[in-house]
Amino acid sequence: VLPDYIAGHVRSALLDAFSDRVLAGETLGFFHPDNLSFGDDIYLSQLVATAQSITGVDNVTVTRLQRLFADPSGELQSGVLEIGPLEVAQLDNDPAAPERGQMSLTTRGGL
């Protein structure tokens, strides 16, 4: 987080950006169902670009990219989380429904 920004606010904005919800101004979170279709792979570059677009983000480091409840299969190295032709990627980030996708964020810096 950039030095003059409040880390909690930046974290909240990141979680919104990667949500499955309709956001302020009628924009859609990255994982909103209208943004994804069957077989759409998730590219690491898209995730990083989305995070970097948030005001107050200094830099982004991704340490893990994999299917939930599965061992890594080279997704981080290839930069692609492959989605099967009959699958749609989900990230609800709901602790009560972990099977619908989870994201873990660590923010450093800021106020």
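These legends accompany close-up views of a predicted model.

**View 1. The buried side of helix H1.** Let us start with helix H1, which spans residues 7–17. Four of its residues are buried: Ala7, Val10, Leu14 and Ala17. Because they cover an arc of only 85 degrees around the axis, they sit on the same side of H1. Their packing partner is helix H2, residues 44–52.

**View 2. A tilted pair of phenylalanine rings.** The structure holds two aromatic pairs, and this view takes up the one formed by phenylalanine 18 and phenylalanine 30. A pair of aromatic rings is described by the distance of the centres and the angle of the planes. Here the centres are 5.9 Å apart and the planes stand at 55 degrees, so the pair counts as tilted; the edge-to-face class would need an angle over 60 degrees. Both phenylalanine 18 and phenylalanine 30 belong to the loop between H1 and strand E1 (42–43), 12 residues apart, and their pairing links distant parts of the chain. Phenylalanine 18 is buried, at a relative accessible area of 5%. Phenylalanine 30 is buried too, with a value of 14%.

View 3. Threonine 50 is part of helix H2. Its relative accessibility is 17%, so it counts as buried, the cut-off being under 20%. A polar atom of the threonine 50 side chain lies 2.9 Å from the backbone oxygen of glutamine 46. Beyond the neighbours within four places in sequence, threonine 50 is in contact with Ala17, Phe18 and Phe30.

**View 4. Phenylalanine 69, with a positive phi.** Most residues other than glycine have a negative phi. Phenylalanine 69 is not a glycine, yet its phi is positive, at about 65 degrees. You will find phenylalanine 69 in the loop between H2 and helix H3 (75–78). With 69% relative accessibility, phenylalanine 69 counts as exposed.

**View 5. Asparagine 93, also with a positive phi.** The last stop is the segment after strand E2 (80–81), where asparagine 93 lies. Asparagine 93 has a positive phi of about 55 degrees, although it is not a glycine. Its relative accessible area is 32%, so asparagine 93 is partly exposed.

Conventions
Residues are numbered from 1 along each chain as its sequence is written. This is a predicted model: local features need pLDDT of at least 70, side-chain atom pairs count only at pLDDT 80 or more; totals for chains, interfaces and linings use all residues. Side-chain values use heavy atoms; hydrogens and water are left out. Buried means under 20% relative accessible area, exposed over 50%, partly exposed in between (1.4 Å probe, protein chains only). Helices (H or I, at least four residues) and strands (E, at least two) are DSSP runs, numbered from the N terminus. The arc is that of the directions from the helix axis to the C-beta atoms. Contact means heavy atoms within 4.5 Å. Rings of Phe, Tyr and Trp (its six-membered ring) pair if their centres lie within 6.5 Å; planes under 30 degrees apart count as stacked, over 60 as edge-to-face and the rest as tilted. A polar contact is a pair of N or O atoms within 3.5 Å; within protein, one must be able to donate a hydrogen and the other to accept it, and residues adjacent in sequence count only if both atoms are side-chain atoms.
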